[in-house]
Amino acid sequence: MLLERSKLNGEGEFRDARMSATDVLRSVASHQLLTLGLSIVILLLYLIRVRLRSHLRLIPGPFFASFSYLPRLVSVAHGHAHSDAIELHRSYGTVVRVGPKHVSFANPEALSAVYSAYTKFEKSDFYLPFDAKTAHGSVPTVFSVRSEHAHRGIKRPIAGAYSMTTLLELEGLTDECIAIFQDKIKDKLEQAERYKIELDLGEWLHWYAFDVITSITFSNRLGFMQAERDVEGIISAIEGRLKYNATIGQWPALHKLLLGNNFVSWVANFVPSLAKLNTSRRIVEFAARQLQRYETKDREKLKYRDMLDRFRRTKSDGEVQMTDVDVLMAGVGNVFAGADTTAISLRSMFYYLLQNPKCLERLVEEIDDMDRAGKLSEIVTFAESSDMPYMQACLKEAMRMHPAVGLLLERIVPEEGVNIGGYFIPAGTVVGANPWVVARNREVYGEDADQFRPERWFGLSEWANMDDDTGESARTKLQRMERNFLAFGMGSRSCVGKNISLLEMNKLVPQLLRRFKIGLAEPAKEWRMEGYWFVKQLGLNCTILRRQS
Ligand code: HEM
């Protein structure tokens, strides 16, 4: 009896205990539901607040992009943000809200307001991952530094080394690289059956651009063309880092949690797929090795005063203007920005010429005419090429059709806000123009903006004073096109290396076309593009024959 009662009690207690456990679980669950519900409400309220952010709510754009960073991030991660941006603008107009506090514009008048010489629009945190990683931590470069004031300080001592006068003194170094390029092709042709070869011209142009930039910066030609490969893996290191920078730059706060965090960055080196992206330090080490080789050289014996020699490290009174780290950063900048960009523009030039035989024919005729008249040196000089108007028009059109940079050149709106295309945009908003969108603006370049037509740049001398049916002279049109040319950026942060690339391109293109007959190996096949800040082309396979002299 006692036992039964105690059993009953036990069961009762057990039941009581079970009931109270169920109650606890229920109350926990209801608490969790409440918390979840509250979190969802707070998140929704936050998203609504972001979506309806003052003034920006009036700007058209895709719905999800107005409160989430993800659409931008995904578009960049897929490598086609440049073409997505053109589509967006064709759907929504010249001013588009592309992120929670991001506005993309293509208005000609806004370009000069945002990207002026003394601008108050500073670079955004998109550029944060582009800081160079050194043993002393992350250091901003002339390209990545956000503050305009700091930028002036970094640029002042190096600017002279990038002037055209300086670079023309280094033209001989470019000649050496061009001689190697054409000799390599000649050798291959001699060994080939029927004097015809097939090669990936895109890859060769990349090697050429690397050999030139390391020659004129450090007097160390690394021999990419001689070796016919990516020396020291620098091309793939830059590629990996660009993938990371371009994608994470769309949501820069993530950088501090990812490769911007020392511990994560260290761990990433043990995961092959992440190690490929974690290459910032490899790029700095590459530049440091070039500097070391440079320091061991007997500089008195060098034939040319290279760029390093022209950086103003000290003032006339001996005050130090550039520390060793500053010099290293300038070197890193040249390596990081100097080769891909030029190679991309050169590929574009050959691709569009080969796709448009009439343009190619006209250019070759221009070159041959000068050659026959004895106006060309053994290796075409910059001055000779500048005397070829059709060549200049083709170069400009190739850079318009395929700008090297394919993302927004992001800037932060200063205190007073800005008016773009009739919309007031408040301080703190990130605004920017994408060179691809601006280059395909039909209001500026006409209905055939998607077509390669060098003649559009050629109007000045031929048709300058003729009015079209809108009463607008060719000169006015041309000036508008020039003002919208964003391939080299604009204003205080425009490309410091522009002259280097103009020198490289102006010499190589006429020289190769003069010596060789180049064609597309598979004319019907389009090349592939991968846009991670730079829009790189893949698969420029060409056939090459020797031309009769
Ligand atoms: C065809 C070749 C090139 C193209 C299309 C090009 C394009 C550009 C563009 C669009 C910008 C502006 C980026 C921005 O606003 O965020 C820029 C800036 C820059 N480029 Fe280039 N670039 C080329 C060649 C070079 C070369 C050869 C070098 C160096 C040797 C170089 C070094 C730089 C640097 C350091 C900046 C930052 C300038 C500053 O903020 O003061 N670029 N480039």
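I checked the source next. This is a predicted model, where local features need pLDDT of at least 70, side-chain atom pairs count only at pLDDT 80 or more, and totals for chains, interfaces and linings use all residues. Residue numbers start from 1 along each chain as its sequence is written.

Then I followed the strands. β11 and β14 (residues 541-546) run antiparallel, joined by five bridges. Two strands pair if DSSP finds at least two bridges between them. I read the open sheet as three strands in the order β6-β14-β11, with antiparallel pairing. β6 (196-200) and β11 (516-520) are at the edges with a single partner strand each, so one side of each has no neighbour in the sheet. The twist from one strand to the next averages 30°; axes are lines fitted to C-alpha atoms, for helices over the stretch in contact, and angles run from 0 to 180 degrees between N-to-C directions.

I looked for a helix on the sheet. Helix α8 (residues 201-218) packs there and touches β6 and β14. Contact means C-beta atoms, placed from the backbone, within 7 Å. The direction of α8 makes about 70° with that of β6.

Last, I turned to the ligand. Of the 24 residues around the ligand, Gly338, Thr341, Gly489, Cys495 and Gly497 come nearest; a residue counts if its C-beta atom, placed from the backbone, lies within 6 Å. α15 gives the most to this shell, with four residues.

Notes: Helices (H or I, at least four residues) and strands (E, at least two) are DSSP runs, numbered from the N terminus. Two residues are in contact if their C-beta atoms, placed from the backbone, lie within 7 Å.
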